[in-house]
Amino acid sequence: MKEIRKIGIITGGGDCSGLNAVINGITKAAITKYGVEIVGFTKGFSGLMNHGFRDLDLKAVSGILHEGGTILKSSNKDNLFNYQVRNNEGKLVYKDVSDEALKNLEYLGVDALIVIGGDGTLTSARDFSRKGLPVIGVPKTIDNDLPATDVTFGFNTSLETICDALDKIHTTAYSHDRVMVVEVMGRLTGWLALEGGLAGSADVIIIPEIPYDINKIVEKVNQRDAFGRNFTIIIVSEGATPIGGDVVIREKVEDSPDTVRLGGVGDVITQQLQKLIPHHEVRYTNLAYLQRGGTTSQFDRSLGLMFGVQAVELLMAGKTGLMVQLKGRKITSIPLEKVVGSGEVGETSKGGKKRVNVKGQLVQTAKAIGISFGD
Ligand code: F6P
């Protein structure tokens, strides 16, 4: 592999807390330890096409470690292997512009990329590495649904937000004897609802991995009433489904690699419950994008820094086509070929989503302390 003198950074897909920690770790390690230059491309991969970039020096990344979002901005629409351009007749068409992007990198003297993102972004990272560009991927998502790493950064900060929200919602639930339905993100996996609900003392946790029966939720509310606890907190994953039913789709984003946006199942459950338990006021809160922002937690700052520094170390050791991962308490790496590109479901060994094990310790712990899963 050719000597690396300049590394480009890309942040793609939905933002989450910890992205700036990774950028901070990469930039500081590359400059301080190796004297390598860093350039940050803006708005995901599109920065490679429309000259969206900025040089990052130690000053540029100073003071960003704790901040949510990404100083480079992000995009979940710009797949350069299938990029929207106007043809000669002015019509919008999709075209592979990856070779042009490689030429732009060469022109800028960028020898390698560190790509921070989820499945879609890391699939492009893999495709650029197939074309011979030295690339290292860094996994991010609040959903924690990537099988190749024990945890993704962003997840822990989201859990802190969920836990804090449940603590706050408890006081209104108690004061008004209400049933409170709180919807959280997570796509087709229930990690956020499960871990957030467990730590936030939810009484009912509804996750995609365990389809729910609305009558079982009513049973739990009645049980709590009989026990003199006249309020109930229900946390619901956006991807939850009733037994034999389908997910609730909020909208479709046609030019995104993952077109479906989930949302609203908490509202559906609230309306059903209101009819079944008219003696209670049932209220719905969707935590939505609050879960993606905020000051980065200590855990995500450390994980982000370690991922960023390890990505630099791998490139400087002549490695490419890898993704950094957390296994146990150690940062290691795995070929991108093994972790991306197989969509929402499917075998986790082939890159499918990591789903909650319904027989695993977390679910069993919750059940042992009386939390209902609506099943
Ligand atoms: O994957 C992260 C995530 O926040 C999901 O939990 C959520 O379903 C989705 O992204 C929302 O995407 P968007 O920002 O495009 O609405």
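Tutor: Before we start, domain bounds here come from an automatic or database domain assignment, and the model itself is predicted.

Student: OK, which domains is the protein divided into?

Tutor: The protein is divided into domain 1, covering 6-153 + 296-342, and domain 2, covering 158-293 + 357-368. Taken over C-alpha atoms, the centres of domain 1 and domain 2 are 33 Å apart.

Student: And how many residues of each are in contact?

Tutor: On the domain 1 side there are 12 residues, and these are in contact with 16 residues of domain 2.

Student: Where does the ligand lie, then, and why?

Tutor: Both domain 1 and domain 2 give residues to the shell around the ligand, so the ligand lies between them. The space that the ligand takes is the largest pocket.

Student: Which residues surround the ligand?

Tutor: Among them are Asn-76, Thr-141, Asp-143, Met-185, Glu-238, Arg-250 and Arg-292. By class, the shell has six charged residues, together with three polar and three nonpolar ones.

Student: What about polar atoms of Tyr-289 and Arg-261, how far are they from the ligand?

Tutor: For Tyr-289, a polar side-chain atom lies 2.4 Å from an oxygen atom of the ligand, while for Arg-261 a polar side-chain atom lies 2.6 Å from a ligand oxygen atom. Gly-186 takes part through its backbone, with a polar atom there 3.2 Å from an oxygen atom of the ligand.

Student: How much of the ligand does the protein bury?

Tutor: The ligand taken alone exposes 400 Å², and the protein buries 88% of that.

Key: Residues numbered from 1 in each chain as written. Predicted model: local features only at pLDDT ≥ 70, side-chain atom pairs only at ≥ 80, totals over all residues. Heavy atoms only, no water. Near = heavy atom within 4 Å. Polar contact = N/O pair within 3.5 Å; in protein donor to acceptor, adjacent residues only side chain to side chain. Areas by Shrake-Rupley, 256 points an atom, 1.4 Å probe, with all protein chains shown as cover. 1 Å grid on protein atoms, 1.4 Å probe; cavity = no way out; pocket = protein on both sides within 12 Å on 5 of 7 lines; lining within 4 Å. Sits in = over half its atoms within 2 Å of the grid points. Nonpolar A, V, L, I, M, F, W, Y, C, P; charged D, E, K, R; others polar. Contact = heavy atoms within 4.5 Å.
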